[in-house]
Amino acid sequence: MIDFLQYLLNGILIGLLYAIIALAFIVIYRAGRILNLAQGEVVVFGGFVVWTFIAGASFPLWIALPLSLIAVVVLGFMVEKGFFRPMIGQSIFANIMITVGLMVLMRGLMIVFWGASARPFPVIFSLKPIIFGPFSFTRSIFIGAIISLAVFIVMNWIFEKTRWGLGLSTVAENHVVAQSMGISVKRSIGIAWALGFIVSTLAAITFLSGQSINFLVSEIGLRALPVVLLGGLESIWGAPLAGILIGVGEALAAAYLDKYTMGAASEAFPFIIMLVILLIRPQGIFGWKIIERV
Amino acid sequence: MAVLPCGVHSANYSQDKAFIRTPVQWVCFIAFLLIVFAGPFFFPSRMLGIIIITGITIIAVVGLQITVGLTGQINLGQSAFMGMGAFTTATLAANFNLPFWLSIPAGGIGGALLGAIFGIPALRVKGFYLALTSLAAQILFPLLITRMPSKWFGGPNGLGLAPAKIGGFTLQSDQSLYYLIMGVTVIMLFFAFNLTRSRVGRALMAVRDNDIVAEIMGVNLFTYKTLAFAIGSLYAGIAGGLWAYYLRYVMAEQFNLWSSVWYLGMIIVGGVGSILGAILGTVFLRALQELITIAGPWFGQVFPQAGGEALWYSGMNIVLGGVIILFLIFEPKGLAHRWNVLKHSFRIWPYPYL
């Protein structure tokens, strides 16, 4: 019983980390209607920027973190302007493929800039285990989960309460309508990309603290896709809920099913869930159902 | 369609339908086939290997072009469907001793079945959601195939198979495999070119241009969307079968997401929606791959911090990603369009317009 609760707890904490990466997908999708398949690469790129400021240039933490956030915001605007602005109004296939192209390109560039070998990521939150009654978990995961909850609250506030965020939602609904209401589609999409890069970098900090970083870590982006889809591509609060569901499911599959399947169950579980959602309810739990008119 | 050369006109339908219209085109076509089939006599063996792999890739990419370019159903899992074909062929050849002329078509059917299953969601979802379905297929494929009983697909170690035999003759050398693979490629291309002008092909294109309108016009969406995936992955499966007989060893890692991305890149470079484009794109990107493999060592001296295998890998990634992005932004119609423009301006020369 204690074991079961421990798995459950680990699943929830991991799920919240998945959810923050899922949030980066959602923030970009909410404005640009682009599902950025390069998300994992963006997370790792953000992680490498932080690494460069802390471990490479050895700045103290309170200078390095703001500096890296500024750097990724600039990067986000650049990526949007260079790659995605020419794609406004192009086919969905072209939009998907440009994110795939970005994914491959960023992988290659990361190897050129930072090499292919794994590097230790600086310890931002201490790794000492927290022991609470019979349960124990690492402090960094716990703090990461709290940070992701805070990010969710802030992002929800931005999208639901501020003028900017409401503008972004309008752009997500319909580019033409947004334009005719006086909202700049181009600027909104730029802001969305900058926000997406900030969230990705925060995800990298919480996820990688004390771990090792190399370009292969970007697989996490694909693993977060089922979370995005289960929660709904447009829903900010769907992500933590879906993240917890998938995190718990994965943890339980790892604990009870992996020994019979040579470790496949926990890896396959999120994607099987994803296929089921796509068949039953493609818009996810809280997503918007788009009705098509001829 | 580019204009025909001056003075060519049709007096009946069979002339109008013909692909090859002028004596010059016949001469060029036969000369091309002769060069292709006389290849083993004058190509060095390394070149022969490159052409064989290119031929296999062309089959898979043409299949992808039918799903993605002709029908507009996004497929990020072509490599998994190819893998399904390869494993079906390999297990039939290794465990049931089927001859290659049965096991390769069976591999095609294996690929087509898997493709059709993952194509069924296409009826309900499109765009990004459909891309995710095929992505899930691509990610689940190696997980499932390596966990099957090792008697079936060899488990994590992969599966080896004996060389193809016909009569008393063993297809083991690169030369004999070259003829097998080029022959199959030509047949598959013949079907693909004719598909685009058949009733089925027109229905597929109607689905691509507007599926709601296509349905109103009497095109059964379920049938044709599933069919698009089935045909596309049939091509992938046959390519996989040939791959199995060429390398004579199949492993799940050979059929990863990156090959799927390469295939999609080949379509984009060649031109979405054109069979000729699929061929041009494949040849262009394969040539680029070989160039990087050759230029890699030189590159290593300029950027020493990224060494060895990783360097080659990063060079491939930068070129592939860069080529995809540049073509999407600057030449979305691809090389096939450029080729048609060239042909057009050659035919109406010296006039600038027609």
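**Helix crossing and chain interface in a predicted model**

Trainee: At what angle do the axes of helix α3 (residues 61-84) and helix α4 (residues 92-114) of chain A cross?
Mentor: The model is predicted, local features need pLDDT of at least 70, side-chain atom pairs count only at pLDDT 80 or more, and totals for chains, interfaces and linings use all residues. Residues are numbered from 1 along each chain as written, chains are lettered from A in the order written, and side-chain values use heavy atoms without hydrogens or water. Helices are DSSP runs of H or I with at least four residues, and axes are lines fitted to C-alpha atoms over the stretch in contact, with angles from 0 to 180 degrees between N-to-C directions. The two axes come within 11 Å and cross at roughly 125°.

Trainee: Which residues of α3(A) meet α4(A)?
Mentor: Contact means heavy atoms within 4.5 Å. On the α4(A) side are A:I98, A:T99, A:L102 and A:L105, and on the α3(A) side A:V79, A:F83 and A:F84.

Trainee: How much area is buried between chain B and chain A?
Mentor: Buried area is the accessible area (1.4 Å probe) that two parts lose on being put together, summed over both. Here 42 residues of chain B are in contact with 50 residues of chain A. Carbon and sulfur atoms give 84% of the buried area, which is about 4,200 Å².

Trainee: Which residues of chain B lose the most area to chain A?
Mentor: Three residues together account for 17% of what the chain B side buries. They are B:F128, B:Y129 and B:L132.

Trainee: What is omega for the cis peptide bond of B:W349 and B:P350?
Mentor: B:P350 lies in the segment after α15 (334-348) of chain B. The cis bond joins B:W349 to B:P350, with omega about 10°.

Notes
Helix = DSSP H or I, 4+ residues; strand = E, 2+ residues; numbered from the N terminus.
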